[in-house]
Amino acid sequence: MPLKPWRWRLVLAGLAGLIVLSASLLIADVMGVSKSVINGFFLVVSIIGYATIGMFCRTTMADEYYVAGRRVRAPFNGMATAADWMSAASFLGVTGLLLSDGFVGDGFHAGGLAYVLGWTGGFCLLGFLFAAKLNASGATTIPQFLGQRFDSPMVRWLAALGAILCSSIYLVAQIYGVGLVASMLSGLTFELGVFLALGGILLCSFLGGMRAVTWTQVVQCVVIVASMVAVSVAVSWQTQGHPVIAVAAAQSLQQMESRIKVIEADPAEMATREVMAQRMWDLDAKMADPLNARELEHQVLAKQIAKAKSDNAPLRDIQRLEANPAWRETGVDRLIQAWQAERDSLALAIKHPVGFQAPRPEGFTQGWVNSMALVFCLMIGTAALPHILVRSYTAASPAQAQRSIVWALVFIVIVYLCASSLAVLLKSFVLTELVGAHLNQLPEWADRLKLRKLALLSITDYNNDGVVQYADIRLIEEYLVLAVPEIVRISPVFTGLIAAGALAAALSTADGLLLTISNALAQDLYFETVNPQAPPLRRVMLSKILLMVVALFAAWFATNRPVNILFWVTCAFSLAASTFFPVLLLGLYWPAMSRTGAVAAMVSGLAISFYYIVANHPWVHLYLDLQPSDTLWWGLEPICAGVFGVPVGLLMGFVFSKRWPHKN
């Protein structure tokens, strides 16, 4: 069936609009228009554009609202799937993660390559194992499919609860990212940024459901890919004089090798890391006797603040002293928590490799174990995320569903190749311009990043030599890509372009997650239990109401800033893998799988992963006075909880199906 012309016109219109907007704002930048006006324009136009598509695609028809009429062709479904999956964490975080942790990690923790391999590899599993079979089932939600497969309302309810839990964790992180980008573009407070962007989300998903979200995500995919490619080409041209970003990264990597060796052998660098280790020992001593430590530190701070005020020290220095937890906290619980957070940060910073690959220790290290475990969890999680799985239902046929995954991979690989290359080019600026600079003669871009409302850079002179060592530097990796134009010294229009891509990534994922949660609440819990004979219009209206309630609740929760985006997103992958992968794999490929086995697989997998994540959370350690060694299994980080949940789910599904088989 040929593709309808209006669909391609929508894609081309989105690309043309982005080009015209960028060109117009480049002209405005040359004419002296302020950066805040340019960035605000990107924000307003983006939200209005997405909301307009949502309004034109509004519907009250059940099939259109839940699965976009089941007629989306592979290229467009692939674009929508890619946008649905490329969240704020992946778009914003990968470049900074690769820059700070390297590709293979530090020998103790996973590097950035584990995320890239895991996230992209999961689509191969999804295409081979699930996409075509889910499309052929004719269901509208994953819980509905599982309920029909095992002829069990209990299975459907448990699957709905699992989908709500995984998607809610993911959703809070996305709305947090939406609010952050919106506030940075508009200059509004974080809270107002959250609710401003929330309006765009609701106008899309509330009015048209999956139909509106699909075509909005198609345009958002264009924005995400085009913005990342445009910025990468600009950076490549600025640094190496040509537009091929991968070649530019390879050239910079060769140029950095000698610089990396000099830094690693620098006595000042080694001294800095020794001071950091001493600070860790001091923090251990303070946490062992917090009351006495707080009193002593409070006295020292009082003298330092009094001296700073009498010497008319800069207000920033006085505020930094007064921000010390020992000065402002009256109790010891939050003080211990702050000390523990500082200690964890130091422990990671000491081990951070200067280059992209840490020195290779002998044998099979814990870092390799964590890397492989993380790749496993992200691959299985990607193939089991409910809001990604449901995109298989919108494709026009089983074959189209599989082809959609191929198209999605094309766009995702483009973004990740650009992000990886940007990480190399950015590190070259950090190592050559920032490391070795005097604290009173920092590069202009470093001073700007330190003084931003959301500081993306902090420098602590641990050995007090007045010179920046690599270990002194803290880059806020989750949002570092937003600082690319400042570091590389290209037009601030590219900041707005990156933020527009990040906003598109966060909005597209948030739309898909909101639909998944509201449909699970309405379709799989309420109507399945209370009113299974309800007409389609009533089902759609309740889904819309619940979508708005969930969105507002998630926005309120995100305004409390409870999240490390990458940590929460990765935990959502482990929970989804443990809950859905075993039951889907066995349910689709093993005819003897019973409803009892399905219940056992979901409950056991979810319980193991959820327990492991909670038991290893710093707050739990602080409250119960535990050390990581007390709760970690084989040294695996909590984000790798799926390593335990998935095998347990598969085993319990098999054992319980054998013990309690289907009764005909």
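## Close-up views of the predicted model

Arg448 counts as partly exposed, at 32% relative accessibility, a class lying between buried (under 20% relative accessible area) and exposed (over 50%), with a 1.4 Å probe and protein chains only. The model is predicted, so local features need pLDDT of at least 70 and side-chain atom pairs count only at pLDDT 80 or more, whereas totals for chains, interfaces and linings use all residues. Residues are numbered from 1 along each chain as its sequence is written, and side-chain values use heavy atoms, leaving out hydrogens and water.

**View A. Salt bridge between Glu486 and Arg448.** The closest N and O atoms of this pair are 3.2 Å apart, a salt bridge being a side-chain nitrogen of Lys or Arg within 4 Å of a carboxyl oxygen of Asp or Glu. Glu486 belongs to helix H21 (residues 484-488) and Arg448 to helix H20 (residues 444-451), so the contact ties together parts 38 residues apart in sequence. Helices (H or I, at least four residues) and strands (E, at least two) are DSSP runs numbered from the N terminus. Glu486 is buried, with a relative accessible area of 8%. The count for the model comes to 10 salt bridges.

**View B. Salt bridge between Asp524 and Arg156.** Here the closest N and O atoms are 2.7 Å apart. The pair links distant parts of the chain, with Asp524 in helix H22 and Arg156 in helix H8 (residues 153-186), 368 residues apart. Both partners are buried: Asp524 has a relative accessible area of 0%, and Arg156 one of 11%.

**View C. Arg70 and its salt bridge with Asp63.** Arg70 lies in the loop between helix H3 (62-67) and helix H4 (74-85). Its phi is near 55 degrees, a positive value in a residue other than glycine. The side chains of Arg70 and Asp63 meet at 3.6 Å, N to O. Arg70 is partly exposed at 24%, as is Asp63 at 36%. Elsewhere, Glu64, Arg71 and Arg211 are linked in a network of salt bridges.

**View D. The loop at Asn464.** Asn464 lies between strand S1 (457-459) and strand S2 (473-475). Although not a glycine, Asn464 has a positive phi of about 55 degrees. Asn464 is exposed, with a relative accessible area of 66%.

**View E. The largest cavity.** Its volume is about 110 Å³, a volume being the space filled by probe spheres set on grid points that are joined across faces, edges and corners. A cavity is a set of points, on a 1 Å grid over the protein atoms alone, where a 1.4 Å probe fits but cannot get out; lining residues have an atom within 4 Å of a point. Of its 14 lining residues, Thr141, Val390, Leu515, Thr516 and Asn519 lie nearest the centre. Helix H7 (142-150) and helix H22 (493-529) each supply at least two residues of the lining, and H22 gives the most, with six. The lining divides into eight nonpolar, five polar and one charged residue; Ala, Val, Leu, Ile, Met, Phe, Trp, Tyr, Cys and Pro count as nonpolar, Asp, Glu, Lys and Arg as charged, and the others, Gly among them, as polar.

**View F. A nonpolar surface patch.** Ile27, Met31, Val33 and Val37 together have about 400 Å² of accessible area, from the Shrake-Rupley method with a 1.4 Å probe. Patch residues have over 30% relative accessible area and no salt bridge; nonpolar side chains (Val, Leu, Ile, Met, Phe, Trp, Tyr) are joined within 5 Å, like charges within 9 Å. Val37 lies in helix H2 (residues 35-56) and is partly exposed, at 49%.

Methods:
1 Å grid on protein atoms, 1.4 Å probe; cavity = no way out; pocket = protein on both sides within 12 Å on 5 of 7 lines; lining within 4 Å.
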